[in-house]
Amino acid sequence: MSRMFKGRKVVRGSAEGEAVVFPGGFSFLGDVDMDTGEVLVAPNKGTALAGKVLIYRETKGSSGGCVVLMTLAKKGLAPVAIATVKPADYNLAEGAIMAKIPFVCDADGELLGRAKTGDTVKIDADEGSIEVRQLIAS
Amino acid sequence: MKLTREERDMLVGAEGDVVAEAMDCLVQFGDAFGAEQLADVEYCHYPAEMAIYAGSVEDAVDYAARGAKVRVDTTTSTLCCDLERPLSTGIPEPLAELQARVEHAHVSMGILDTYTCTPQLLGWTPNFGSIIASVESSAIIYFNSALGARTNRGGLFTRFTAVTGKYPLMGYLLDENRRGTHLFKVTIPAERLQAYDAWCALGFHIGGIVGGEVPVITGVPKPRQDWLIGFGAALATSGSVTLFHIPGVTPEADTVEDAFMGMQPREIHEVGVRELDTVYEKMNTIPRGAQVDFVTLGCPHYSLEQLRYAADMLRGKKVAEGVRFWVCTNRITRRQAEALGYVRDIEGAGALVVADTCPVESHMRQSTCREYGMKTPNVEAMVTDSVKMSRYCGDLIGCKTALVDTEACIRVAISGRWE
């Protein structure tokens, strides 16, 4: 069962991967281990971001976030795409542009209720589309 | 985006490929957010490349080697070690040597190597309404809120702005985006808001609610400058606040109506003592009576006045065995403090006056400690008067933390125990 959601392009490109979903805020500085690319905080503690589609409500925390995202990308540990419900944070957008990570913001608010960690998600930033294919019928 | 003739020439390489590449990224960035044109920028606070970020220092050295030169006054943010006393913080030597390579790169680009998160304390106080580009969330929010200068939350692209003098005209550079969104009515008695840690806790509570929007705060006593710095740092830690208004204190809005530009606040919240105390409960994870092995003052970096205060409190005292006690500031203020005897008093007690860095930016992050085979977590229990420090150390260094006032921090450093 798959559902489509709309969003606004921040960084061009498209990618597909397993979703890692945070209902609230996410800060690249503090919430992910820069060495392993593993999440340090609930509800996805221990999950690796490499190859994943990261979905969360809004960016929070320090302006060091974009440097952490860049460092993860250089090590091949960065997410393949990012979607946020709130408008994109400029600081993070800089990191995503430099690391060429497709990024969609202002996503439909329903997305966070529907998408679960583990679902397969395809993001096409140029189309501003987020397709969620449910892993298990929920 | 509509570019001027000069900007188009820069984009196509008339002034070299470093400038062209920078313009390409800035135009892409502006298009991503619907900017109509580029703005001229007069000052940059630049992201000093930290050796703990793989490839970051090499990137800085290569960039300078390509002949990059800054076109505007540019100061630098913090590093992962104290370049004037490289091994004093316990950093592995190879990391210190790697980090030292950025200084030559920065100086050759014409950058003023300040290596601090509080350039405003060194006199970089851009005028009201001036357009700048800054990194470091506590400096960004101070420039916007306390001075009325205009910057977004800068990151890597601050480098591109420094070498072109340009930034897309968008976000907080535009009047309509500087309007308040949430009203916070503080009902905390004034005497509970007469200390640095209290303003940090207040900021942390509000930031957690307002996220990346613009809080307007009423009902607070007039803050000292360092309280406002801590308050902003906290807002940008629990949230990603870029600008706040305190009518009667901050310059851009004399009244609540001005702050909301005649519109209604989207949300109104009350903030009482209960909300303030919950921040301390959240940050205080050290069991009562437990040993403490780290105390930090100076997040963001301390002013000369704050160093004087710490020196007065520590003169003739002794820091307990096994406690690392850092008092962080910038390299220029440390020189002043040396001349005035403050460093002698603080270090005579067994504390360390650290410049260029702080625990959060240092080698003590778990990821770096593992990489260099050091004790992990490198700190067991840290006491500090800064909520930004307690939040990031708890996660990045993996230690237990406690947030308390400056005097109590010093008492704990002397006793070695969290009472």
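In this predicted model, 56% of the 138 residues of chain A count as buried. A residue is buried here if 20 or more other C-beta atoms lie within 10 Å of its own. The overall dimensions of chain A fit that picture of a folded chain: a compact globule with 138 residues would have a radius of gyration near 14 Å, and the 13 Å of chain A agrees with this. Along the principal axes, the C-alpha atoms of chain A fill a box of roughly 35 × 30 × 25 Å.

The secondary structure of chain A consists of four helices and eight strands. Read from the N terminus on, these elements follow the order β-β-β-α-β-α-β-α-β-α-β-β. Among the contacts in chain A with a separation of 6 or more, 74% are between residues 24 or more positions apart.

Chain B can be described in the same terms. Its secondary structure comes to 16 helices and 13 strands. Of the 419 residues in chain B, 56% are buried. The radius of gyration of chain B is 22 Å, which agrees with the value near 22 Å for a compact globule with 419 residues. The box filled by the C-alpha atoms of chain B is roughly 65 × 55 × 40 Å, again taken along the principal axes. Residues 24 or more positions apart account for 77% of the contacts in chain B with a separation of 6 or more.

One part of chain B to look at is an open sheet of three strands, in the order β7-β6-β8, with parallel pairing. Its edge strands are β7 (215-218) and β8 (267-271) of chain B, each of which pairs on one side only. From one strand to the next, the twist averages 20°. Strand β6 (residues 182-186) of chain B pairs with β8(B) in the parallel sense over five bridges, and B:Val186 stands opposite B:Val271 in β8(B).

Helix α7 (residues 196-210) of chain B lies across β6, β7 and β8 of chain B, and runs at about 155° to β8(B). The next step is from this helix to another one. Two packed helices are described by the angle between their axes and the distance between the axes. For α7(B) and helix α10 (residues 273-283) of chain B, the angle is about 95° and the axes are 9 Å apart. That makes α7(B) roughly perpendicular to α10(B), because angles of 65 to 115 degrees count as such. On the α7(B) side, B:Ala198, B:Ala201, B:Leu202, B:Phe204 and B:His205 take part, and they meet B:Glu275, B:Leu276, B:Val279 and B:Tyr280 in α10(B). By class, the residues of this contact are seven nonpolar, one polar and one charged.

The two chains also touch each other. In all, 32 residues of chain B are in contact with 29 residues of chain A. Five helices of chain B each supply at least two residues of the side that touches chain A: α2 (17-32), α5 (137-147), α8 (225-238), α14 (366-371) and α15 (387-397). That side of chain B has 13 nonpolar, 14 polar and five charged residues.

The buried residues of α15(B) include B:Lys388, B:Arg391 and B:Asp395, along with B:Val387, B:Leu396 and B:Ile397. Just after α15(B), B:Gly398 takes a positive phi of about 80°.

Note on methods. Residues numbered from 1 in each chain as written. Chains lettered and ligands numbered in written order. Predicted model: local features only at pLDDT ≥ 70, side-chain atom pairs only at ≥ 80, totals over all residues. Contact = placed C-beta atoms within 7 Å. Nonpolar A, V, L, I, M, F, W, Y, C, P; charged D, E, K, R; others polar. Rg over C-alpha atoms; globule rule 2.2 N^0.38 Å. Buried ≥ 20, exposed ≤ 12 C-beta atoms within 10 Å, placed from the backbone. Pairing = 2+ DSSP bridges. Axes fitted to C-alpha atoms, helices over the stretch in contact; angles between N-to-C directions. Parallel < 35°, antiparallel > 145°, perpendicular 65-115°, else oblique.
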